[in-house]
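Trainee: I would like to learn how to read a helix and a loop residue in a model. Where do we begin?

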Amino acid sequence: MPAAPSEPLPAPRALVSIHDVMPETRQQVSQILALLPQAPQAVTLLVVPGRDWQTADLDWLHQLQQQGYPLAGHGWLHRCEPPISLYHRLHSLLLSRRVAEHLSLSASGIEALIRNCHQWFVDQGLQPCELYVPPAWAMGAIHRQQLADMPFRLFETLSGVYDALAQKMHPLPLVGFEADTPLREWLLRGFNHLNWRRASHSDQPLRIGIHPQDLSLRLRNQVIPMAQSVSASLTYGDAVDLQRDPRLL
């Protein structure tokens with residue numbers, strides 16, 4: 001007898017973020033926002049403060065915040081000096097290209113960057129949310145104990161979200177679509193499949209990280225359908241609270 005068909009996986013809950021929000025990506029970000037089914041409150045925008053923000057660009061950010069989109073910190077320039085260490089060289093080759101700016105800095109340099117990032121929002125009359133995401137999810141040489149004094153509460157890396165207030169790491173599965181080569185496409189297809197299954201079989205929300213150029217890359221047909229397939233969308237704060245206290249589920 002043929003094997004019985006397997007049961008379809010239950011759809012996971014999700015956290016949706018759009019990376020690299022900067023003047024140069026306004027058009028792509030706006031296109032993605034128009035296609036996503038999530039309400040604004042459930043789509044976190046990762047803003048790069050150190051770019052050439054003009055008045056029209058800042059007006060756009062203010063409008064997005066007024067619509068309900070949370071604005072998170074995302075580095076400063078989103079580019080770094082040439083890799084120094086072997087780890088940084090490998091990270092740049094396999095994952096980050098030249099954007100993991102934390103990896104070029106000392107702990108004190110990273111601390112100053114994070115504080116400057118937060119202050120930029122205040123100076124522009126914007127209210128940053130409690131999340132900070134280092135470019136390429138690479139925190140670099142700073143210790144977790146130092147994060148407790150930062151103006152952000154939550155810090156996202158490849159493995160999950162760290163709550164600096166509670167001093168606790170929350171491992172959360174992640175999917176991404178930044179496949180600009182056949183090798184990256186192959187790796188990300190497998191990575192996304194495994195992490196979707198991991199989220200489906202657990203109470204952990206799935207993190208869906210979208211980059212502005214993803215709709216023109218090799219996994220473009222996965223981006224919006226995956227965001228449409230989730231059972232519910234959460235904010236980062238809600239997701240961490242649920243992981244900390246399962247009774248809220």
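Mentor: Begin with burial: buried means under 20% relative accessible area, exposed over 50%, and partly exposed in between, with a 1.4 Å probe and protein chains only. Helices (H or I, at least four residues) and strands (E, at least two) are DSSP runs, numbered from the N terminus. This is a predicted model, where local features need pLDDT of at least 70, side-chain atom pairs count only at pLDDT 80 or more, and totals for chains, interfaces and linings use all residues. Residues are numbered from 1 along each chain as its sequence is written, and side-chain values use heavy atoms, leaving out hydrogens and water.

Trainee: Which residues of α2 are buried?

Mentor: In α2 the buried residues are Asp 57, Leu 58, Trp 60, Leu 61 and Leu 64. They lie on the same side of α2 because they cover an arc of only 155 degrees around the axis, taken from the directions from the helix axis to the C-beta atoms. The face turned away from that buried side carries the exposed Thr 55 and Gln 66.

Trainee: What covers the buried residues of α2?

Mentor: Contact means heavy atoms within 4.5 Å. The cover includes β1 (13-21), α1 (26-35), β2 (43-47), β3 (71-73) and α4 (107-123).

Trainee: Where does Gln 204 lie, and is Gln 204 buried or exposed?

Mentor: Gln 204 is in the loop between α6 (182-200) and β9 (206-210). Its relative accessible area is 18%, so Gln 204 is buried. Leaving aside residues up to four places away in sequence, Gln 204 touches Pro 171, Leu 172, Pro 173, Arg 198, Ala 199 and Gln 243.
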